[in-house]
Amino acid sequence: MTSFFISVCKDSLFNLFILYKIIYNFAKNIPLLLSQNFINHVRIPENNDWVIFILIGCIFLFIFMMNIIERDANLKDFLLQKYFDASNNLPSWIITSCVTALTLSVLASQYIPVIPKFVADLQILGYQLNKFGFTFITIILFYATKSILGFLFYQSIGDGKKWSVFYFTATKFYFVLSFLLIILCVTHYYFPIDRNKSFLYYLYFFCFVFIFKVFFYLFHRNNVLPEKWYYKFLYICTLQIAPILLLWKVLFL
């Protein structure tokens with residue numbers, strides 16, 4: 001039985017060898033058709049993994065904020081809570097500001113025409129800032145400076161206690177805005193849209209958001225702006241309109 005099995009294996013291997021030689025000689029003598037004109041039509045998609053990583057990180061920051069800092073608060077309770085019933089307002093404001101800066105940088109960095117030469121020449125451990133890094137650092141400095149000036153403004157008019165009410169109210173606004181920015185980022189990077197035409201729509205969107213934010217602060221029940229009308233006018237001009245114009249000049253001009 002064993003000798004029969006060995007004999008069958010030898011015959012099979014011999015037949016496979018003969019078949020291999022036939023195919024080899026055939027392929028060697030006949031060139032492949034159109035081998036010189038072959039074009040690879042496989043499309044290499046744009047690598048946007050960094051976008052989804054940032055957006056997932058932003059979502060995890062919000063989950064951490066809602067579960068730990070806000071003590072398992074649901075979305076409705078968080079948005080409708082009153083100032084005197086809230087706690088840990090400062091950490092929530094910082095996290096919301098960071099998420100807003102990240103998502104806004106992801107969206108706006110694609111339209112930055114050029115990085116300034118003095119920034120592009122800077123190297124940290126051999127690395128240079130790309131457009132996203134430049135936009136993110138610019139927006140972080142913008143919000144930090146704007147917040148410091150806002151704090152000094154409220155202190156200078158003798159209404160320092162209202163500053164904490166202001167950033168508590170602003171947190172709710174930017175929390176909603178952050179989710180809208182996440183949706184815009186996903187649409188911008190993962191759907192087939194005309195990015196050149198969409199810039200005009202983004203501009204309309206942010207103009208509407210800015211106008212809505214001013215009226216949101218003016219007529220909010222928490223009365224976050226100063227009581228006197230000229231202080232309100234001064235705040236809107238110096239700490240809302242002027243910083244936005246400066247940010248536009250730094251990023252796009």
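Reader: To get oriented, how many helices and strands does the protein have?

Author: In this predicted model, the protein has nine helices and zero strands, and from the N terminus on the elements run α-α-α-α-α-α-α-α-α.

Reader: And what share of the residues is buried?

Author: Buried residues make up 35% of the 253 residues in the protein. As for contacts between residues at least 6 apart in sequence, 75% of them join residues at least 24 apart.

Reader: Let's turn to helix pairs. How do α7 and α8 lie, roughly parallel or roughly antiparallel?

Author: The axes of α7, which spans residues 161–190, and α8, which spans residues 195–219, come within 12 Å and cross at roughly 165 degrees. Since angles over 145 degrees count as roughly antiparallel, α7 and α8 are therefore roughly antiparallel to each other, and α7 passes α8 in a right-handed crossing.

Reader: Which residues make that contact?

Author: On the α7 side they include Phe-166, Phe-173, Tyr-174, Leu-177 and His-188, while on the α8 side Arg-195, Tyr-202, Phe-205, Lys-213 and Tyr-217 are among them. By class, the contact of α7 with α8 has 16 nonpolar, three polar and two charged residues.

Reader: Then what about α4 and α7, at what angle do they pack?

Author: They pack at an angle of about 30 degrees, with their axes 8 Å apart. Because angles under 35 degrees count as roughly parallel, α4 and α7 are described as roughly parallel to each other, and here α4 passes α7 in a left-handed crossing.

Reader: How do the residues of that contact divide by class?

Author: The contact of α4 with α7 divides into 16 nonpolar and eight polar residues, with no charged ones.

Reader: You listed Val-106; what is Val-106 in contact with?

Author: Leaving aside its neighbours within four places in sequence, Val-106 is in contact with Trp-50, Val-51, Ile-54, Phe-132, Cys-185 and Tyr-189.

Reader: Switching to loops, where is Val-224, and is it buried or exposed?

Author: Val-224 is placed in the loop between α8 and α9, and because its relative accessibility is 0%, Val-224 counts as buried. Not counting residues up to four places away in sequence, Val-224 touches Tyr-154, Lys-162, Val-165, Phe-166, Thr-169 and Tyr-217.

Reader: How far apart are Val-224 and Phe-166, in sequence and in space?

Author: They are 58 residues apart in sequence, yet 4.9 Å apart in space, taken from C-alpha to C-alpha.

Technical notes: Residues numbered from 1 in each chain as written. Predicted model: local features only at pLDDT ≥ 70, side-chain atom pairs only at ≥ 80, totals over all residues. Heavy atoms only, no water. Axes fitted to C-alpha atoms, helices over the stretch in contact; angles between N-to-C directions. Helix = DSSP H or I, 4+ residues; strand = E, 2+ residues; numbered from the N terminus. Parallel < 35°, antiparallel > 145°, perpendicular 65-115°, else oblique. Left-handed = near helix turned anticlockwise from the far one by under 90°. Contact = heavy atoms within 4.5 Å. Nonpolar A, V, L, I, M, F, W, Y, C, P; charged D, E, K, R; others polar. Buried < 20%, exposed > 50% of the residue type's maximum accessible area, 1.4 Å probe, protein only.
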